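The questions below ask how each label was reached. Each answer sets a value against its cut-off.

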Amino acid sequence: MARWAGSAPIPVFSSGRDRHRLHRGGNRQVNRALHSIGVVQVRLGEPAREFVRSREGAKGTKGAYRALKRHLVDVVYRAMVADQVVRGRAEVCLQPAT
């Protein structure tokens, strides 16, 4: 899902350092939504602000926001999977007994 959303880190080998950039492909609308979610969470929520602060030293500001976006993809994916599991249980319960 991270690659589809355009937030999967891709290694950059042209520099002598260990760097990553975001995948430039993927669904631009989903990428923009994740960016907006991240910016609002950093602005209004302490957990996201701490997440970015903890990674700014090692990755820089842009790298910290990339890490936040990747973390948000993981959270959204886990929520989607959990929803699908619950929906699957509901469909089993709604099936007529034979």
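**Labels and their grounds**

In this predicted model, Lys69 lies in helix α3, which spans residues 46-94.

Q: What makes Lys69 a buried residue with no salt bridge?
A: Buried means under 20% relative accessible area, and Lys69 is classed as buried. A salt bridge needs a side-chain nitrogen within 4 Å of a carboxyl oxygen; the nearest side chain of opposite charge, Asp74, is 14 Å away, so Lys69 has none.

Q: Why is the pairing of Lys69 and Asn31 called a polar contact?
A: The cut-off is 3.5 Å between N or O atoms. The side chains of Lys69 and Asn31 are joined at 2.7 Å, so the label applies. Asn31 is also among the residues that Lys69 touches, as are Leu34 and His35.

Q: Why is Glu46 called partly exposed?
A: Its relative accessibility is 38%.

Q: What makes Asp74 and Arg70 a salt bridge?
A: The closest N and O atoms are 2.7 Å apart, against the limit of 4 Å. Asp74 and Arg70 are four residues apart in helix α3, so they are separated by about one helical turn. Asp74 has a relative accessible area of 29% and is therefore partly exposed.

Notes:
Residues are numbered from 1 along each chain as its sequence is written. This is a predicted model: local features need pLDDT of at least 70, side-chain atom pairs count only at pLDDT 80 or more; totals for chains, interfaces and linings use all residues. Side-chain values use heavy atoms; hydrogens and water are left out. Helices (H or I, at least four residues) and strands (E, at least two) are DSSP runs, numbered from the N terminus. Buried means under 20% relative accessible area, exposed over 50%, partly exposed in between (1.4 Å probe, protein chains only). Lys and Arg count as positive and Asp and Glu as negative; His and the chain ends are not counted. A polar contact is a pair of N or O atoms within 3.5 Å; within protein, one must be able to donate a hydrogen and the other to accept it, and residues adjacent in sequence count only if both atoms are side-chain atoms. Contact means heavy atoms within 4.5 Å. Lists of a residue's contacts leave out its neighbours within four places in sequence.
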